[in-house]
Amino acid sequence: MEFLSDSPSPRIAILGFGYIGSCLGAALAERGMSVVGIDSDASMIAGLRAGRRAVPEPGLAEALAPLVASGRLACTTDYDALEDADVVLITVGTPVDGNGALLTAQLEEVCRQLAPRLRPGQLVILKSTVAPGTTRTLVVPLLESGGLVEGRDFGLAYCPERLAEGDALAQLRELTVVVGGCGPGSTAAAARFWKAALDVPVRIVPTADIAEIVKLANNWWIDANVAMANELARFCALFEVDVMEVIAAANSLPKGDGRVNILRPGAGVGGPCLTKDPWMTWRTARDRGVRLRTVETARRVNDAMPEYAYEVLRDGLAKMGKDLASARIAVLGAAFKNDTGDLRNTPVTGVVRALLAAGAEVRIFDPLAEKELIRSQVGGFPVDDLDQAVRGADAVALLAGHRQFRDLDLERLRRRVAMPCLIFDGRMHYRPETIRRLRGLGFGYRGIGR
Ligand SMILES: NC(=O)c1ccc[n+]([C@@H]2O[C@H](COP(=O)([O-])OP(=O)(O)OC[C@H]3O[C@@H](n4cnc5c(N)ncnc54)[C@H](O)[C@@H]3O)[C@@H](O)[C@H]2O)c1
């Protein structure tokens with residue numbers, strides 16, 4: 001049987017309509033496909049139907065609203081919507097426990113719901129990040145428990161999601177999709193699907209296991225690279241050298257198929273992926289008797305960065321004759337990275353907690369995150385706008401470099417804060433000429449390794 005045979009515009013169901021699911025749903029529906037997002041979170045689905053934003057990704061709410069209104073994109077909690085789909089994408093959460101072991105409850109539940117509803121010819125694509133072998137040893141038997149057989153009646157492929165939050169919609173239109181099917185028919189069908197659906201490059205790998213490891217390798221690389229950048233920053237600080245000058249020059253060296261590409265240091269690594277996927281990799285290896293030291297070292301280096309950021313800020317203030325215990329700090333950006341409002345595992349929490357413990361007053365402004373969530377997940381005192389955050393501040397800590405913060409009016413800032421004020425650049429945002437200008441205006445400036 002050929003899966004997804006000749007339909008020019010396949011109907012798509014997305015199981016798990018959270019961050020990834022809703023971004024994918026918007027991208028596919030915008031390309032003209034009929035999409036249904038299925039999620040067990042009834043209040044989130046009701047909110048989406050009412051036009052409320054569920055996921056703090058820039059541009060997503062604006063993209064979803066007309067698609068939902070026109071009916072091209074439907075959202076439901078009803079699994080029966082699966083039966084009409086030609087392609088089923090699985091994008092449920094795949095968290096790990098405190099020891100890095102993959103928790104498969106969400107994945108198992110959707111497979112149990114899908115199994116009795118599968119029909120011949122359907123193509124199922126798992127996108128959630130999983131440990132090697134999960135598609136083959138967990139998903140296949142669960143789906144086959146409904147009576148149909150993979151490779152004969154339905155297709156199954158693993159295609160990792162590799163987008164980065166903050167730029168998700170653009171990346172979905174460009175990123176190469178890695179395809180590893182459970183068999184040749186599934187692989188070919190999934191490759192055809194992504195080419196037709198998003199018109200993106202496709203990279204076929206021989207098995208689903210390989211595709212699963214590709215995703216883990218990508219996040220292993222990112223986490224280890226950032227850890228190296230973070231330690232390089234701490235190294236440069238010992239010599240009062242700007243780490244960004246070092247990185248810019250070091251990255252000019254050709255190596256392998258490209259160049260050295262040291263990423264940016266920063267006040268910490270957070271989010272829903274880099275904080276867990278490397279541990280999933282580590283744990284899978286440990287269960288087989290192998291200890292992956294680069295994984296655990298990188299995780300520990302990156303986890304220590306909020307504390308280091310706090311120390312740099314504290315010492316910078318002290319050098320300006322200010323005591324943290326009576327200082328007012330404006331935190332700009334609460335999210336775990338630039339241009340998203342996602343607060344999951346945000347390293348800003350660690351910085352804010354340390355500041356509060358030292359007795360500082362901390363006001364936080366993040367235009368992309370909800371105030372209530374900032375209050376419960378990060379702490380401090382969330383405010384509505386930049387002016388409220390910076391008024392009377394002894395230090396302004398840029399902890400997520402959102403677009404809104406990129407061109408701050410420095411003269412205006414100077415009139416609002418309590419000069420001399422420290423600018424703490426936790427995201428290596430400012431270029432040397434701006435740092436010189438800041439200093440010329442009487443600000444202090446500190447960054448990670450700057
Ligand atoms: N967020 C990212 O930047 C990113 C990037 C690449 C890959 N991933 C991977 O993609 C997957 C999804 O991540 P996410 O950030 O979108 O997670 P998420 O928590 O935002 O979304 C998961 C959704 O699945 C829903 N769900 C859970 N159980 C369900 C069930 N039984 N039936 C229907 N829906 C159910 C949840 O309600 C939730 O809305 C994870 O494996 C993650 O590691 C995430």
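Start by selecting Glu165: in this predicted model, one of its polar side-chain atoms sits 2.8 Å from a nitrogen atom of the ligand. Taken alone, that ligand exposes 820 Å², and the protein buries 87% of that.

Now widen the selection to the whole shell. It holds 26 residues, and Ile20, Asp39, Tyr79, Thr94 and Lys276 are the closest. Colour the shell by residue type and you get nine nonpolar, nine polar and eight charged residues.

Which elements give two or more residues to this shell? Select helix 1 (19-30) and helix 4 (105-114) to see them. Helix 4 gives the most, with three residues. Then colour by domain: domain 1 (12-206) and domain 2 (239-450) each supply at least three residues of the shell.

Six strands make up an open, parallel sheet, in the order 13-12-11-14-15-16. Pick out strand 13 (381-382) and strand 16 (444-447): these stand at the edges with a single partner strand each, so one side of each has no neighbour in the sheet.

For the last stop, select residues 328-332 and 361-365. These are strand 11 and strand 12, paired in the parallel sense over five bridges. Zoom in on Arg328, and you'll find its bridge partner in strand 12, Glu361.

Conventions. Residues are numbered from 1 along each chain as its sequence is written. This is a predicted model: local features need pLDDT of at least 70, side-chain atom pairs count only at pLDDT 80 or more; totals for chains, interfaces and linings use all residues. Side-chain values use heavy atoms; hydrogens and water are left out. A residue is near a molecule or strand if one of its heavy atoms lies within 4 Å of it. A polar contact is a pair of N or O atoms within 3.5 Å; within protein, one must be able to donate a hydrogen and the other to accept it, and residues adjacent in sequence count only if both atoms are side-chain atoms. Accessible areas come from the Shrake-Rupley method with a 1.4 Å probe; for residues, only the protein chains shown count as cover. Helices (H or I, at least four residues) and strands (E, at least two) are DSSP runs, numbered from the N terminus. Ala, Val, Leu, Ile, Met, Phe, Trp, Tyr, Cys and Pro count as nonpolar, Asp, Glu, Lys and Arg as charged, and the others, Gly among them, as polar. Domain bounds come from an automatic or database domain assignment. Two strands pair if DSSP finds at least two bridges between them.
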